[in-house]
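Trainee: Could you take me through one part of this model in some detail? I'd like a close look at a single loop residue and then at what surrounds it.

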Amino acid sequence: MADECRWRLDGSPAHAGPPRRGQSYEGTDRKVRGLLLAALRDAEGPVLLQRLVEAAPDTALRDPGQRDRALDGLVADGLVEPLDGGLFRLPAAVASA
């Protein structure tokens, strides 16, 4: 495939178009997920949902449902484990690493 690549055949020229604009990290779901994971990493054990709300306050959110979406995504991805009583923790394999 490399032998047929037009870019390589042209001598691998530098990009001549406008600079690529990167996505801002501020306000992204990725940032909110990071805030939630940091709170769980820093905790000695399971944390109440309220602690996660404090870790990703409304002022850090782009929209009202962002924190819930981020937490639901972390649970679905297996990175956060929900427990009874509104508690959350990192899975045992992640927490001990």
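Mentor: Happy to! Threonine 28 is found in the loop between H1 and H2; helices here are DSSP runs (H or I) of at least four residues and strands are DSSP runs (E) of at least two, numbered from the N terminus. This is a predicted model, in which local features need pLDDT of at least 70 and side-chain atom pairs count only at pLDDT 80 or more, while totals for chains, interfaces and linings use all residues. Residues are numbered from 1 along each chain as its sequence is written, and side-chain values use heavy atoms, with hydrogens and water left out.

Threonine 28 is buried, with a relative accessible area of 6% (buried means under 20%, exposed over 50%, partly exposed in between, using a 1.4 Å probe and protein chains only). Its side chain reaches the backbone nitrogen of lysine 31 at 3.1 Å. Setting aside neighbours within four places in sequence, threonine 28 is in contact with Gln23, Arg62 and Gln66, where contact means heavy atoms within 4.5 Å.

H2 and H4 (residues 66–76) pack at an angle of about 70°, with their axes 9 Å apart; the axes are lines fitted to C-alpha atoms over the stretch in contact, and angles run from 0 to 180 degrees between N-to-C directions. That makes H2 roughly perpendicular to H4, given that 65 to 115 degrees counts as roughly perpendicular, under 35 as roughly parallel, over 145 as roughly antiparallel and the rest as oblique. The crossing of H2 and H4 is right-handed, meaning that the near helix is turned clockwise from the far one by less than a right angle.

Back in the loop, serine 12 is also found between helix H1 (6–9) and helix H2 (29–42). Serine 12 is partly exposed, at a relative accessible area of 37%. Its phi is positive, about 55°, although serine 12 is not a glycine. Most residues other than glycine have a negative phi.

As for the strands, three of them form an open antiparallel sheet in the order S1-S3-S2, where two strands pair if DSSP finds at least two bridges between them. The edge strands are S1 (47–48) and S2 (81–83), each pairing on one side only. Two bridges join S1 to S3 (residues 87–89), and valine 47 has phenylalanine 88 as its bridge partner in S3.

Notes
Polar contact = N/O pair within 3.5 Å; in protein donor to acceptor, adjacent residues only side chain to side chain.
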